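Subject: Structure handover

Hello,

I am passing this structure on to you. Please open it and keep it beside this email.

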Amino acid sequence: RSSSNILNFNSTWNFGNGTYSVTESSTLSPKVKYVNPGSYTVQLYAQRGTCIESKQLLISVEQPSELQIPNIFTPNNDGVNDVFIVPHTGIKSITLSITNRWGVQVFYANSDSVDQIVWDGTRHGEPVPDGVYFITLKAIGYDGKTHDYKGSLTLLH
């Protein structure tokens, strides 16, 4: 018996995403790409002669965290770009502060359950004037990545 025959077996992989792999060799590390975040149960069924074994493992696929920070918005109620929103994916928590050119805070939001943080261009219910405002943002993604941003935002009515 040669040592190369010892590793020959039949295997069936179920990757939990609708993808299967069937091999008749010693392939111990098949590769599969998950395109959507979520939890997947990966199962392996292996057979060599009359010996059959199965194993399963739950894996979690996370989406890389990402932010897109706009630099202008127009809260003039025309239905286009009327609010400041930071589009994001994979963000667990976010803190956002917006100040005017004198350092007065006009908007603040802190959320550990982020859906959307939205600013309508008002402070205490009153519209703030046109101009340049300053953004300080800190976000933490489910992937553990920290996003720190300081920049400007132009508001035009």
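My notes on the model follow.

This is a predicted model: local features need pLDDT of at least 70, side-chain atom pairs count only at pLDDT 80 or more, and totals for chains, interfaces and linings use all residues. Residues are numbered from 1 along each chain as its sequence is written, and side-chain values use heavy atoms, with hydrogens and water left out.

Confidence first. The score is pLDDT, the predictor's confidence in each residue, from 0 to 100. Its mean over the protein is 87. A value of 70 or more is reached by 89% of the residues. Helices (H or I, at least four residues) and strands (E, at least two) are DSSP runs, numbered from the N terminus. Of the protein's elements, strand E15 (residues 146–155) has the highest mean pLDDT, 98. Helix H1 (residues 3–6) has the lowest, 50.

Now the sheet. Two strands pair if DSSP finds at least two bridges between them. Five strands make an open sheet, in the order E6-E15-E14-E9-E10, with mixed pairing. Strand E6 (72–73) and E10 are the edge strands, each pairing on one side only.

The pairings inside it:
- E14 and E15 run antiparallel, joined by 10 bridges. Tyr 133 stands opposite Leu 153 in E15. Their hairpin has four residues between the strands, and Gly 144 there takes a positive phi near 90 degrees.
- E9 and E14 run antiparallel, with eight bridges. Ile 91 has Gly 141 as its bridge partner in E14.
- E9 and E10 run antiparallel, with six bridges. Thr 95 faces Asn 110 in E10. This hairpin has five residues between its strands, and Gly 103 in the turn has a positive phi of about 85 degrees.

Next, the interior. Buried means under 20% relative accessible area, exposed over 50%, and partly exposed in between (1.4 Å probe, protein chains only). A nonpolar core is a set of buried Ala, Val, Leu, Ile, Met, Phe, Trp, Tyr and Cys residues joined through side-chain atoms within 4.5 Å. The largest one has 20 residues. Phe 84, Leu 96, Ile 98, Trp 119 and Leu 137 have the most contacts inside it. Strands E9 (91–99), E10 (105–111), E14 (131–141) and E15 each supply at least two of its residues. A second, separate core has six residues, including Phe 15, Tyr 34, Val 42 and Val 61.

Ile 98 is worth a look. Contact means heavy atoms within 4.5 Å. Leaving aside neighbours within four places in sequence, the contacts of Ile 98 include Phe 84, Val 106, Trp 119, Tyr 133 and Leu 153.

Then the rings. Rings of Phe, Tyr and Trp (its six-membered ring) pair if their centres lie within 6.5 Å; planes under 30 degrees apart count as stacked, over 60 as edge-to-face and the rest as tilted. There are six aromatic pairs. One of them joins Tyr 34 and Tyr 40: tilted, 4.5 Å centre to centre, with 45 degrees between the planes. Tyr 34 and Tyr 40 are both buried. One aromatic cluster is formed by Phe 73, Phe 84, Phe 107, Trp 119 and Tyr 133.

Last, His 147. This residue lies in strand E15. Is His 147 buried or exposed? His 147 counts as buried because its relative accessible area is 12%. Its side chain makes a polar contact of 2.7 Å with that of Ser 65. A polar contact is a pair of N or O atoms within 3.5 Å; within protein, one must be able to donate a hydrogen and the other to accept it, and residues adjacent in sequence count only if both atoms are side-chain atoms.

Best wishes
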